[in-house]
Amino acid sequence: MLTSMRVKLAVGLFALASCLPAYSSMPKSQIWLAELAEHFSAKPITDNSAYFNQPLVTDSGVYYTAEVSTDGKSQTDLFFYDFQSKHTTNLTQSLVSEYSPTLHPSGAGLTAIVVEASGKQRLWFYPFDDAQKPSRVFEHIEPVGYHAWGDNQDLIMFILGATESAPHTLQYTDINGHLPQILAEDIGRSLSYNRARDVFAFTYQVNGLTWFATYHKQSDHIQRYFALPSQVQDYTWLDDNKVAYALDNKIFYRDLNSPKKVHLFRNLRSYCKTSISRLSFFNNKLAFVCHSED
């Protein structure tokens, strides 16, 4: 990972005439970081006084989303916890909410979902170079909830339903202006790309079950592997074949080569006595979100 990843992103998203409406009921949560070395250890990298969520572990630190409150109004900014300095930086400090920090495949910055002043949710690019300004990735695609990049300037996106009763859809596109292709409906919020297998991964509802599935662009094929427990929404890759998820405060995994068998990866009750949701694993480091008892 480039050293510039530890450099603070350009402050100030764009000029705003008004602030985003307040988010008054963000659930409280805390991000923990575990080291899976010879001796297992875990420590919190945030407190549990507000909403801290959506961690992304990289080789230099952890990006995440956090609630920021001013004058009784709440929004979310993007933060970075640096492994070397143990210091946390607010990367955006804008008047709008940013979510879901994701590394851009070019290595030149982050992409994130931005709730713009108009209320529309679009995908934005945040360069690591301070001389460059943040910019929209797509003008014509919204409302975007989550996303994951592939290797060929392509990506999948969680597109919110047009109405409360309309299903959320998984859509595939690239940055060359092609219209998005709808791949599935009733999808979950966890999206990813597995470079070794050259597949995008996602979850979706089929006949009341939440399936972990992959999409292979070249064959235009979706393959289901296993149904997740009903309480589970999130997962992370442990390696090219293993998928981990949390149930209550335990981490389990499945191997895609034998997906029916469930393995206990780690019992984290000593660190999180409530429940764990989002996970991010990279280079023997695991970030997990522990929810408050409030």
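Tutor: In sorting residues by class, Ala, Val, Leu, Ile, Met, Phe, Trp, Tyr, Cys and Pro count as nonpolar, Asp, Glu, Lys and Arg as charged, and the others, Gly among them, as polar. By these classes, the lining of the largest pocket in this predicted model has 19 nonpolar, 14 polar and 6 charged residues.

Student: What is the volume of the largest pocket, and which residues are the closest to its centre?

Tutor: The volume is about 1200 Å³, and of the 39 residues that line this pocket, the closest to its centre are Leu56, Thr102, Leu191, Ser192 and Tyr193. Several strands give two or more residues to the lining, including E3 (52-57) and E7 (97-103), while E23 gives the most, with 5 residues.

Student: What makes the pair of Tyr193 and Phe200 tilted?

Tutor: Planes under 30 degrees apart count as stacked and those over 60 as edge-to-face, with the rest called tilted. For Tyr193 and Phe200 the centres are 5.0 Å apart and the planes are at 50°, so the pair is tilted. Tyr193 and Phe200 are both buried, and Tyr172 is buried as well.

Student: How do you know that Thr76 counts as buried?

Tutor: Buried means under 20% relative accessible area, and Thr76 has 0% relative accessibility, so it counts as buried. Thr76 lies in strand E5 (residues 73-82), and a polar atom of its side chain lies 2.9 Å from the backbone oxygen of Glu98.

Student: What makes the charged end of Arg224 sit over the ring of Trp211?

Tutor: The rule asks that CZ of Arg be within 6 Å of the ring centre and within 35 degrees of the ring normal. The charged end of Arg224 sits over the ring of Trp211 at 5.6 Å from its centre, and Lys285 likewise lies over the face of Phe83, at 5.0 Å from the ring centre.

Terms used
Residues are numbered from 1 along each chain as its sequence is written. This is a predicted model: local features need pLDDT of at least 70, side-chain atom pairs count only at pLDDT 80 or more; totals for chains, interfaces and linings use all residues. Side-chain values use heavy atoms; hydrogens and water are left out. Buried means under 20% relative accessible area, exposed over 50%, partly exposed in between (1.4 Å probe, protein chains only). Rings of Phe, Tyr and Trp (its six-membered ring) pair if their centres lie within 6.5 Å; planes under 30 degrees apart count as stacked, over 60 as edge-to-face and the rest as tilted. On a 1 Å grid over the protein atoms alone, a cavity is a set of points where a 1.4 Å probe fits but cannot get out, and a pocket is an open set with protein on both sides within 12 Å along at least five of seven lines; lining residues have an atom within 4 Å of a point. Grid points are joined across faces, edges and corners, and a volume is the space filled by probe spheres set on the points. Helices (H or I, at least four residues) and strands (E, at least two) are DSSP runs, numbered from the N terminus. A polar contact is a pair of N or O atoms within 3.5 Å; within protein, one must be able to donate a hydrogen and the other to accept it, and residues adjacent in sequence count only if both atoms are side-chain atoms.
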